[in-house]
Amino acid sequence: METISYAYGPALYVNLTNRCDCACVFCLRHNGHKGSIYADDLWLDHEPTRQEALEDLLARDLPKYSELVFCGFGEPAYRMDDILWLVDRLKEAAPGLPPVRINTNGHADLILGRDVTPELKGRIDALSISLNGSTCEEYVAVTRPRDGERAWEAMLDFTRRAVRYVPTVMMTVVDKDKSPRELEACRALCESLGARLRVRAYIPD
Ligand code: SF4
């Protein structure tokens, strides 16, 4: 049974795609993993349609969750149009919808071929964008993006624009192999874009 949504802690997570334009060295999808610490079966043999996802979410008692988080086993921006459609439907149909967050690699412009950030206004309450390094070189080495250095610039630009439309924009780094100095450089970069740094603990295989 494929998992579209799953509770983890107080939040409800939504998984709409396996697709991703990166191949991060720490990605849980490597080594044949089909799940994570969050849920066992996250690999989707078929991506749910927006209607299937809506039905799955409406079957939940949404107001009881602290947050609705679109993350995906892959990169949720591949389903951004469906996410925005879902948020609109849920706001109509589910009074007391919790705040909505998207966990993303920030490559929406490259994936969608347009600037989607104005469309996030009033729909998305928080973004968590993977920063993964304070320099382009480090970023490309860690995330191995399809578009190489362009992906680094795209992620920074996306963040710079998103802070105008989304109330909370965080950028994340995984603490593994990061010195305090590197973390400080990440923090400075992040703050220069108008976002806030969140340091995440490394999850081993
Ligand atoms: S961006 Fe996320 S889903 Fe994509 S390879 Fe990196 S960790 Fe995995």
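This is a predicted model: local features need pLDDT of at least 70, side-chain atom pairs count only at pLDDT 80 or more; totals for chains, interfaces and linings use all residues.
Figure 1. Residues are numbered from 1 along each chain as its sequence is written, and side-chain values use heavy atoms, with hydrogens and water left out. Helices (H or I, at least four residues) and strands (E, at least two) are DSSP runs, numbered from the N terminus. T3 counts as buried at 15% relative accessibility; buried means under 20% relative accessible area, exposed over 50%, and partly exposed in between, with a 1.4 Å probe and protein chains only. Leaving aside residues up to four places away in sequence, T3 touches N15, D41, L42 and L44, where contact means heavy atoms within 4.5 Å.

**Figure 2. The hairpin of β1 and β2.** Strand β1 (5-8) is joined to strand β2 (residues 11-14) by 4 bridges, and the two run antiparallel. Two strands are taken to pair if DSSP finds at least two bridges between them. Y8 stands opposite A11 in β2. The hairpin has 2 residues between the strands, and G9 takes a positive phi near 60 degrees.

**Figure 3. The open sheet of 7 strands.** The strand order is β1-β2-β3-β4-β5-β6-β7, with mixed pairing. Strands β1 and β7 stand at the edges with a single partner strand each, so one side of each is left without a neighbour in the sheet. On average, neighbouring strands of this sheet are turned by 25 degrees against each other, direction ignored; the axes are lines fitted to C-alpha atoms, for helices over the stretch in contact, and angles run from 0 to 180 degrees between N-to-C directions. Strands of a sheet pair through backbone hydrogen bonds, in either the parallel or the antiparallel sense. The bridge partner of V174 in β7 is R200.

**Figure 4. L197 in strand β7 (residues 196-200).** L197 is buried, with a relative accessible area of 9%. Not counting residues up to four places away in sequence, L197 touches L131, M171, V173, L183, C186, R187 and C190. L197 and D157 are 40 residues apart in sequence, and their C-alpha atoms are 16 Å apart in space.

**Figure 5. Shell of residues around the ligand.** The ligand is surrounded by C20, C22, A23, C24, F26, C27, R29, F73, G74 and N105. A residue is near a molecule or strand if one of its heavy atoms lies within 4 Å of it. The shell divides into 7 nonpolar, 2 polar and 1 charged residues. In this division Ala, Val, Leu, Ile, Met, Phe, Trp, Tyr, Cys and Pro count as nonpolar, Asp, Glu, Lys and Arg as charged, and the others, Gly among them, as polar.

**Figure 6. Positive phi at N132 and R144.** N132 has a positive phi of about 70 degrees although it is not a glycine. N132 lies in the loop between β5 (126-130) and α5 (136-143), and at 5% relative accessibility it counts as buried. R144, also a residue other than glycine, has a positive phi near 45 degrees. R144 is found in the loop between α5 and α6 (149-162) and is partly exposed, with a relative accessible area of 42%.

**Figure 7. D82 in helix α2 (residues 80-93).** D82 counts as buried at 15% relative accessibility. D82 and L58 are 24 residues apart along the chain, and their C-alpha atoms are separated by 15 Å.

**Figure 8. The protein chain as the setting of the close-up views.** The protein chain holds 7 helices and 7 strands. From the N terminus on, its elements run β-β-α-β-α-β-α-α-β-α-α-β-α-β. The radius of gyration of the protein chain is 16 Å, close to the 17 Å that the globule rule gives for 205 residues, so the chain is as compact as a globular protein of that length. This radius is taken over C-alpha atoms, and the globule rule is 2.2 Å times the number of residues to the power 0.38. The C-alpha trace spans about 45 × 40 × 30 Å along its principal axes. Buried residues make up 52% of the 205 residues. Of the contacts with a separation of 6 or more, 79% are accounted for by residues 24 or more positions apart.
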